[in-house]
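Good morning, and thank you for coming.

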Amino acid sequence: MLTKKGKYGLKALVHLARLPAGQLAFVNDIATGNNIPKKFLDAILGELRNAGFVQSRKGKDGGYRLARPADEIKVGHVVRVLDGPLAPIPCASRTQYQRCEDCNEATCQVRHLMLEVRQAIAEVLDQRSLAEMRDMATDDLPVAIKVQA
């Protein structure tokens, strides 16, 4: 499940992706424009900076901007940085695998299903760039997603 940290991080990156290349945005503007608590956003942007997704500049003319073009930033990579592995359970993770003590991995139906779930999530998130996410029009979303949002 995507945490608030992951969701807010993606919203902040989409906000930055909408700016002209190289333009800086103030944290307060990002927070206000996306209903994100500023203090939480400060911490998230620090993690995104450390991971190389954003650059920052201090001072009166400071702010944040994308460190790379939005089409080079994959959503799956951002989610892994902010929220950890995509797998719903540790024994299905490719990046942070942990063996289960309570089952036989070769015959565990739960693990096999969760491997399939992890693969499906990765196929979507690892093929989508921040630019594609930014450019998604509400009309492109399936009806079920529009209703839930």
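**A loop residue, two helices and some pairings**

I begin with Asn35, which is found in the loop between H2 and H3. Helices and strands here are DSSP runs numbered from the N terminus, a helix being H or I over at least four residues and a strand being E over at least two. Asn35 has a positive phi of about 55 degrees, although this residue is not a glycine. Is Asn35 buried or exposed? Its relative accessibility is 67%, so Asn35 counts as exposed. The cut-offs are as follows: buried means under 20% relative accessible area, exposed means over 50%, and partly exposed lies in between, with a 1.4 Å probe and protein chains only.

A word on the source. This is a predicted model, in which local features need pLDDT of at least 70 and side-chain atom pairs count only at pLDDT 80 or more, while totals for chains, interfaces and linings use all residues. Residues are numbered from 1 along each chain as its sequence is written, and side-chain values use heavy atoms, with hydrogens and water left out.

Let us turn to helix H1. This helix covers residues 4-17, 14 residues in total, and reaches 20 Å from its first C-alpha to its last, close to the expected 20 Å. The expected span is 1.5 Å times one less than the number of residues. How many of the residues of H1 are buried? The helix is mostly covered, with 10 of its 14 residues buried. Among them are Gly6, Tyr8, Leu10, Leu13 and His15. What covers these buried residues includes helix H2 (27-34), helix H3 (38-50), strand S1 (54-57), strand S2 (63-66), helix H4 (75-83) and helix H6 (130-135).

Ile30 has its place in helix H2 and is buried, with a relative accessible area of 0%. Leaving aside residues up to four places away in sequence, Ile30 touches Ala12, His15, Leu16, Ala25, Leu41 and Leu45; contact means heavy atoms within 4.5 Å. Ala12, His15 and Leu16 are also on the list of buried residues in H1. Ile30 and Gly63 are 33 residues apart in sequence, and their C-alpha atoms are 9.9 Å apart in space.

Which residues of H5 are buried? They are Arg111, Met114, Arg118 and Ala122. Seen down the axis of H5, these residues fall within an arc of 75 degrees, so they line one face of the helix. The arc is that of the directions from the helix axis to the C-beta atoms. What covers the buried residues of H5 includes H4.

Next come the salt bridges. Side chains of opposite charge can pair when their charged atoms come close. The rule used here asks for a side-chain nitrogen of Lys or Arg within 4 Å of a carboxyl oxygen of Asp or Glu, and the count comes to 4 salt bridges.

One of them joins the side chains of Lys5 and Glu47, at 2.8 Å from N to O. Lys5 lies in helix H1 and Glu47 in helix H3, so this pair ties together parts that are 42 residues apart in sequence.

Another joins Lys38 and Asp42, at 3.1 Å from N to O. These two residues are 4 residues apart in helix H3, and are therefore separated by about one helical turn.

Arg80 also forms a salt bridge with Asp126, the closest N and O atoms being 2.8 Å apart. Arg80 lies in helix H4 and Asp126 in the loop between H5 and H6, so the pair ties together parts that are 46 residues apart in sequence. Arg80 is partly exposed, with a relative accessible area of 22%, and Asp126 is partly exposed at 30%.

Finally, the cysteines. How many disulfides are there? With a disulfide taken as a pair of cysteine sulfur atoms within 2.5 Å, the count comes to 0. Cys100 is in no disulfide, and the nearest cysteine sulfur, that of Cys91, is 3.3 Å away. Cys103 is likewise in no disulfide, its nearest cysteine sulfur being that of Cys108, 3.8 Å away. At 18% relative accessibility Cys100 counts as buried, whereas Cys103 is partly exposed at 23%.
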